Amino acid sequence: MPALDFPVSAIKDPLRVSGKFFRAGGEVAMIRAVTFGPFPVGAFPDEGRAQLARIRDRLGANALRLYEIPSLEFMHACAETGLRVFLTLPWSQHIDFLSERGALAEADRLLLETVRRFHGHPALGGYFVGNEIETTLVRWMGAGRVVEQLERLIDLGHTNAPGTLFAYANYPSTEYLLPQNQDFVAFNLYLEGEAELSAYLARLQNLAGDKPLFISEFGADALRHGDLGQAGILDHYLEAAGRSGVAGSTIFAWSDHWQRGGSTVEGWEFGLTRRDQSERPAVDVVRESWGLWGKPSDCLSLTDPPKISVIVCTHKGSATLVECLDSLLALNYPAVELLLVNDGADPRVEDLARAYEAVRYFAVEHRGLSVARNTGAAAATGEILVYTDDDCIAEPDWLQWIAELFSDDPKIGAVGGPNIPPSAETAAQARVAAAPGGPAHVLLSDTRAEHLPGCNLAVRKSVFEEIGGFNPVFRSAGDDVDLCWRILAAGYELGFHPAAFVWHHRRFSYAAYFRQQMGYGRAEALLMPIHRERFRGAGGAIWRGQVYTSGGNRGGAFVYHGHHGYEPFQLVYPERESGLSEALLHVLWWAGVAGFGVGAVFFPILLLPMGLMIAGSLAIALRRAGRSVIDPAFDSTSSRLVLAGLILLQGFLRSGTRLLGGWREVNWAGSVHFVGSEAVEKLASGWWKLGDEMAFWSSEGVGRGELLAALLERFPRAEDDASGKTDVILKRGWFWNWAALTVTEYHEDEGRLTRLRLLARPQRITRLIVLPLLVLAPFAVMLGFGFESELITLALLYVVVSIAAKLFMWLRRPRFTKIARSVGLEPL
């Protein structure tokens, strides 16, 4: 935008993302937004510009969310009023846009035109590249392919508008659509029960990972609940949202005037103002709440804050210590003491400590991290002991969230939150930050943990003393794992809050990262004899909960879609890291590779299994690298290849040092049984599909519901698919299932386009029989055992079965066409 086009603006600083919050300038900014439009023609003159000052003053809002592209004059008016604008790109998301490629071209054109028009505008808050793609449509196209297109649009936006924020406005029915490159995570949410709302907000916070959670819609219908009911629902929502640490909220909607698809919507009253522009009581409720909250922590009300002792233990950590101590001095908490324990009496640390009069300093002989942390605890006078590392930077309101967690439940013995890496300054830092094995919490639920890393760990002093503090046997790592497990064993719980985060530098070089992972391996060897029940043979620890990752869930997750794909809350069930995958990165796997390599000197045929083993390990590393989140400034093909190398070496080094120190504790028979059972489960879990597609049109509003009812009636053995992967199982056989999957696109007036996909799916017994044969027969041939004719026969049989399945479905087309016509659907 030319400089002369910039308006006089009440907004001084652009919005940016900082950990779990937004920032404007150097301050945390709470987004208080309301949806505005789209309005029927004539509802508001001048695009509603006369309403802007009223929205700011009467509601206390500082942002709008729009669903249509505004004029430049409207954006100028918003800047002058002090309202940021979040724009939703209105392209055709209600159709199968992967088949109708013109829809994606339309989205590209609209995005490019819009970002060029408004780039650098002071009122621009950010963009939503999509909004609530319908759940059955996502299931039809495939969640992974939909996410890929959303990520492509976000990349296009970032490339053409650097520094601008982009996200996708999601909703609970597709909570698994989490583009990795979006700048913040947004959800449209309509949930009225207080307990359910608080629980789901906690879930969304964990789905958001290290990014801000922005509620992009929340509303209540005054027609259904009454004016006072609407006000009450919004009141308890804003309280729950504040306590959950959301970065912003959007109230749906400013006015009862609303249109969709060019038609005025009747029969609902979500507006804070009525059609005659009079205000509902909810306006006062929202203004009162928002008037108190300039930042997320303002919602907390600690009447009697406990004294907290923050303990930093350092061993030759002077390089990052100043930044750490400066952040602790800036903590916004009324009752805090700071303690620094110099493990090893490093003179450089001592020189730095002299500059901090407010910090209590202790120099001790180098006896390891656990002893240093116990030294700090013995000297502390607070009710709560809070540990962080010398390479961490605390958020100013960090301790407020910690204290809030302890006040919620006396059964909580320790609490913590995320530790987020700051923006990388080099490619090596970015790759190490994305590599596995870093300090991460393990969650049993969205608010309770199984493990909290020592860089962000708070413990009640009474509980700490009851369990005997840190075990001195752990000198550099493993102490926090042991402490958390003993707290749980004592009957206490570990609390977790996503807003209680600290910034934590990852290792600055590859060599430092590898030393860290080897140290973790040695610590695991020390843990094995103390906590035998928590280790699986030669592998790592057995976690009952889910290891936290900062990225989204592209792949690696199971989604239950519900009956005919209509489950309102389609929860993501994270796929635990496969034990088979871990085995392919283990030092013993590489010992097997080396064994085949030695044997190949005498029997060259052994090069083939050796090559297959190496290929398996490379595939696992590349897959994990492809799913990892890398700092966008350094995300490239070369970075992902280097990351794959880090993953390979990390698995080798960590498992090697663990095995070197703990081989006497390994249950070798259990290891073999575990890997074998994992392999069988892997063979049986996947499902192939051979499909044929048809499409039908109705101008009378007939869709998939009528078609599915007819299929269930016309096929005597048909039944609903309880798994939710398809809609109807048409026929179950001993070896194959015949199933149908449908989706309906909603077009203008009563136009409906219904798509039908017929699928042939093998039963579990078929997979268990066929897949091992397909794997073992080639090995038998390679090793010289013959079976060439059997292998050829097996391959031909597979081809014949596939062709037969396709032919069967093609021959059944007339029958399905007849059924569709019987309910008013015409084939296309």
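Q: How much of the chain is buried in this model?
A: In this predicted model, buried residues make up 55% of the 828 residues in the chain. The chain holds 25 helices and 34 strands, and among contacts between residues at least 6 apart in sequence, 73% join residues at least 24 apart.

Q: Where in the chain do F36 and F74 lie, and are they buried or exposed?
A: F36 is in the loop between β4 (31–35) and α1 (52–59), whereas F74 belongs to helix α2 (residues 72–81), so the pair ties together parts that are 38 residues apart in sequence. F36 has a relative accessible area of 5% and is buried, and F74, at 2% relative accessibility, counts as buried as well.

Q: What are the distance and angle for the rings of W268 and F270?
A: The centres of the W268 and F270 rings are 5.1 Å apart with their planes at 50 degrees, so the pair is tilted. W268 is buried, with a relative accessible area of 7%, and F270 also counts as buried, at 18% relative accessibility, the cut-off for buried being under 20%.

Q: Which residues do ring pairs link into a cluster, and which arginine lies over the face of F128?
A: The cluster linked by ring pairs consists of F22, F86, F128, F184 and F214. R65 lies over the face of F128, at 4.5 Å from the ring centre. Elsewhere, R757 lies over the face of W140, at 3.8 Å from the ring centre.

Q: How are two packed helices described, and at what angle do α13 and α20 cross?
A: Two packed helices are described by the angle between their axes and by the distance between the axes. The axes of α13 (residues 427–434) and α20 (residues 637–662) come within 10 Å and cross at roughly 50 degrees, which makes α13 oblique to α20. The crossing of α13 and α20 is right-handed, and the contact is made by R431, V432 and A434 from α13 with S638, S639, V642, L643 and L646 from α20.

Q: At what angle do the axes of α19 and α20 cross, and which residues make the contact?
A: For α19 (residues 607–627) and α20, the axes come within 8 Å and cross at roughly 125 degrees; the two helices are therefore oblique to each other. The crossing of α19 and α20 is right-handed. On the α19 side the contact is made by S617, L618, A621, L622, R624, A625 and G626, and on the α20 side by R640, L641, L643, A644, I647 and L648.

Q: Is K316 buried or exposed, and with which residues is it in contact?
A: K316 has its place in the loop between β14 and α9 (318–329), and at 58% relative accessibility K316 counts as exposed. Leaving aside neighbours within four places in sequence, K316 is in contact with D346 and R348. The C-alpha atoms of K316 and G344 are separated by 7.8 Å, although these residues are 28 residues apart along the chain.

Q: Where is E493 placed, and which residues does it touch?
A: E493 is in strand β24 (residues 493–496) and is partly exposed, with a relative accessible area of 26%. Not counting residues up to four places away in sequence, E493 touches D409, K411, I412, G413, A414, R448 and L488. From E493 to R448 the C-alpha to C-alpha distance is 7.0 Å, while in sequence these two are 45 residues apart.

Methods: Residues are numbered from 1 along each chain as its sequence is written. This is a predicted model: local features need pLDDT of at least 70, side-chain atom pairs count only at pLDDT 80 or more; totals for chains, interfaces and linings use all residues. Side-chain values use heavy atoms; hydrogens and water are left out. Helices (H or I, at least four residues) and strands (E, at least two) are DSSP runs, numbered from the N terminus. Buried means under 20% relative accessible area, exposed over 50%, partly exposed in between (1.4 Å probe, protein chains only). Rings of Phe, Tyr and Trp (its six-membered ring) pair if their centres lie within 6.5 Å; planes under 30 degrees apart count as stacked, over 60 as edge-to-face and the rest as tilted. A charge sits over a ring if NZ of Lys or CZ of Arg is within 6 Å of the ring centre and within 35 degrees of the ring normal. Axes are lines fitted to C-alpha atoms, for helices over the stretch in contact, and angles run from 0 to 180 degrees between N-to-C directions. Angles under 35 degrees count as roughly parallel, over 145 as roughly antiparallel, 65 to 115 as roughly perpendicular and the rest as oblique. A crossing is left-handed if the near helix is turned anticlockwise from the far one by less than a right angle, and right-handed if clockwise. Contact means heavy atoms within 4.5 Å.
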